Amino acid sequence: MSPRTAPRRRTWQTGLALAVLAAGLPLAAQRGLLGGEGDLVLQAGSAREACAAPAPTPTDPPATTAGRGRATASASPTPSPTSSPTASPTASPTASPTDPPTTTPPTPGGTIRVVEANIKSGEADKKFAADLRKVFKQQPDFVAFNEVPLRRDAVLAPGDYEIFRTPGKYTGEAPVVWNAARWTAIARGTTMISDTYGKEPGQHVDWGVRYANWVTVRSLDGCQTLSMVATHLAPENSYTKNLMAPSVARLGALTAMLSASGPVIVAGDFNRHYKSAKYPRNELTAAGLTPTYDIAGTWFPTGDHFGATIDYIFLHPASDFTFIEHGATEAYSDHDIVHAVLGLPVTTTPGPAVSFAQARTVNDPLSTVTLARRAVLRNALRALKSAPEGALVRILSARIDDRYLGKEIRRAVARGVRVRVVSGSAEPTAVEQHLATQLGSDPAAPSWLLFRPTAYAAGGLPSTGLAVSATGLTENFSMVVDKALDATIAREPAEGDLAVSAQRYKALVKQFKQAAAAAARG
């Protein structure tokens with residue numbers, strides 16, 4: 001795919017990342033975005049001072065076509081979840097159909113508009129284009145699309161918008177889109193939500209195969225960081241009838257991982273009516289996902305589904321957002337275009353705990369933002385930082401030459417983490433030399449570093465593998481990367497495959513032990 005000509009429009013796919021502009025950033029924001037170890041937290045002191053002043057109120061959203069329903073709330077609404085959902089769709093929504101407002105009240109950190117748009121697969125091109133115009137007429141900050149695996153990225157992300165998804169029939173069905181004129185991407189990835197194959201008569205796709213695409217973004221002034229997740233959960237049939245609970249659990253794990261950077265928004269078609277007995281309220285509550293319907297105390301039909309409400313915008317945590325209004329706009333698709341307008345604090349706050357989830361993450365080697373270039377490496381840094389005393393870290397890499405990684409390894413050892421390293425370097429790098437001095441090369445010691453260049457050259461080992469027995473709230477964390485732990489992991493397109501299963505962890509540990517044994521004999 002060739003780069004597009006629009007100055008800020010980008011497509012993010014496997015092995016492809018084009019430059020993003022970061023001009024006009026305050027000095028404090030530049031320090032947080034462009035310097036240091038690529039941590040997700042802004043540099044202390046001056047950055048916080050730069051964020052102290054209220055952000056300017058963004059341009060008022062335009063008037064849009066009449067929607068099926070809209071509800072507004074005061075700046076501090078009281079959530080009103082329904083404790084006993086009804087078994088069938090409610091015929092009359094609690095919010096009467098009215099036009100979305102032409103203005104929204106200001107909040108200290110500004111407002112954002114989020115859109116969920118399930119545009120029916122196979123919809124005629126003219127109708128699809130009309131629905132798409134209704135999406136972008138609202139000037140959203142974020143869009144979660146569903147059922148668009150075959151639609152071109154250039155169409156789904158016009159003008160200043162950027163898009164991310166892993167291309168594919170299933171992985172690319174729910175892309176995430178954001179306004180790059182307001183937000184800079186610093187991490188992106190794709191997570192499997194369900195993986196059950198099987199088609200009933202008349203079905204053309206496997207309903208049980210579902211993914212989420214996500215992006216973590218930072219405001220251009222560096223004061224706000226949040227994540228947007230687009231997904232589409234399976235409808236019910238004989239193959240998928242037991243998938244809702246594990247799907248929400250995986251989504252919750254992803255949300256928890258992303259919340260280490262700041263608040264999270266999840267949007268998508270969940271194929272369960274908000275007021276039905278099959279709505280997974282308990283599971284969503286356990287995952288920390290609050291729908292705007294709970295916050296507003298109102299809901300409305302979201303398409304041609306006998307009055308059902310099945311398209312959602314969830315917040316995590318809801319307390320980090322100010323609910324302003326939500327509504328639905330009629331579309332040619334069998335789903336309406338659902339939106340929510342939310343207020344943000346002047347400065348967002350990372351979640352209290354670090355955890356990991358299964359995910360495929362990619363970097364952007366051409367970004368001007370260090371966080372984006374080092375997005376894959378930052379997972380390794382975070383895992384090392386969060387490993388507690390007594391944890392065991394195993395690092396297998398063709399080459400280690402990142403000084404910040406070396407520093408985190410030394411810090412981990414100093415606080416009682418056992419760190420064992422196998423490198424494929426024929427000539428030790430400066431970082432490896434420092435590590436060898438501290439760790440030594442005795443395989444009987446708690447921590448050590450061994451060199452295995454000849455066996456690494458023979459093939460069969462990942463460019464990088466990281467296995468951590470415990471990190472943050474996660475056990476059995478593993479990560480396989482297609483680049484060595486040197487400059488190439490930031491300067492070239494890199495992919496990291498994160499896993500939290502005992503099976504994947506043990507498989508990587510087995511490879512590590514085999515490499516270590518060969519290095520010891522050499």
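**Figure 1. Helix α3 and the residues it buries.** In this predicted model, the buried residues of helix α3 are Phe 128, Ala 130, Asp 131, Leu 132, Val 135 and Phe 136. An α-helix has 3.6 residues a turn, so residues three or four places apart point the same way. The cover over the buried residues of α3 includes strands β3 (111-118), β4 (142-146), β5 (161-164) and β14 (337-343), together with helix α4 (153-156). Helix α3 itself runs over residues 125-137, which makes 13 residues. From its first C-alpha to its last, α3 reaches 18 Å, close to the 18 Å expected at 1.5 Å a residue.

Figure 2. Most residues other than glycine have a negative phi, and most peptide bonds are trans. Gln 139, although not a glycine, has a positive phi of about 50°. With a relative accessible area of 45%, Gln 139 is partly exposed. Phe 306 is likewise not a glycine and takes a positive phi of about 55°. The loop that holds Phe 306 lies between α7 (292-296) and β12. Phe 306 counts as exposed because its relative accessible area is 83%.

**Figure 3. The cis peptide bond between His 316 and Pro 317.** His 316 and Pro 317 are joined by a cis peptide bond with an omega of about -15°. Pro 317 belongs to the loop between β12 (311-316) and β13 (322-329).

**Figure 4. The largest pocket and its lining.** The largest pocket contains about 720 Å³ of space. Its lining is made up of 27 residues, and the closest to the pocket centre are Ser 121, Glu 147, Val 205, Trp 207 and His 232. Strand β8 (residues 209-219) gives the largest share of this lining, three residues. By class, the lining of the largest pocket holds ten nonpolar, eight polar and nine charged residues.

**Figure 5. The largest cavity and the elements around it.** Rolling a probe the size of a water molecule over the atoms shows where empty space is left. Five cavities of 30 Å³ or more are found in the structure, and the largest cavity holds about 150 Å³. Among the 14 residues that line the largest cavity, Ala 187, Trp 214, Arg 378, Asn 379 and Arg 382 are the closest to its centre. At least two lining residues come from each of β7 (183-195), β8, α5 (244-258), β15 (359-362) and α9 (375-386). Helix α9 supplies the largest share of the cavity lining, four residues. The lining divides into seven nonpolar, four polar and three charged residues.

**Figure 6. Helix α5 and its buried residues.** The buried residues of α5 are Met 244, Ser 247, Val 248, Leu 251, Gly 252, Leu 254, Thr 255, Met 257 and Leu 258.

Figure 7. Ser 478 is part of strand β20 (residues 474-481) and is buried, with a relative accessible area of 4%. Beyond its neighbours within four places in sequence, Ser 478 is in contact with Leu 466, Ala 467, Asp 497, Leu 498, Ala 499, Arg 504, Tyr 505 and Leu 508. Val 509 lies in helix α14 (residues 502-521). Val 509 is buried as well, with a relative accessible area of 9%. Residues up to four places away in sequence aside, Val 509 touches Arg 394 and Ala 467. Val 509 and Ile 395 are 114 residues apart along the chain, and their C-alpha atoms are separated by 9.5 Å.

**Figure 8. Gly 416 in the loop between α10 and β17.** The loop between α10 (403-414) and β17 (418-423) contains Gly 416. Gly 416 counts as partly exposed because its relative accessibility is 30%. Its contacts, leaving aside neighbours within four places in sequence, are with Glu 389 and Gly 390. Pro 388 stands 28 residues from Gly 416 in sequence and 7.7 Å from Gly 416 in space, C-alpha to C-alpha.

Technical notes
Residues are numbered from 1 along each chain as its sequence is written. This is a predicted model: local features need pLDDT of at least 70, side-chain atom pairs count only at pLDDT 80 or more; totals for chains, interfaces and linings use all residues. Side-chain values use heavy atoms; hydrogens and water are left out. On a 1 Å grid over the protein atoms alone, a cavity is a set of points where a 1.4 Å probe fits but cannot get out, and a pocket is an open set with protein on both sides within 12 Å along at least five of seven lines; lining residues have an atom within 4 Å of a point. Grid points are joined across faces, edges and corners, and a volume is the space filled by probe spheres set on the points. Ala, Val, Leu, Ile, Met, Phe, Trp, Tyr, Cys and Pro count as nonpolar, Asp, Glu, Lys and Arg as charged, and the others, Gly among them, as polar. The expected span of a helix is 1.5 Å times one less than its number of residues. Buried means under 20% relative accessible area, exposed over 50%, partly exposed in between (1.4 Å probe, protein chains only). Contact means heavy atoms within 4.5 Å.
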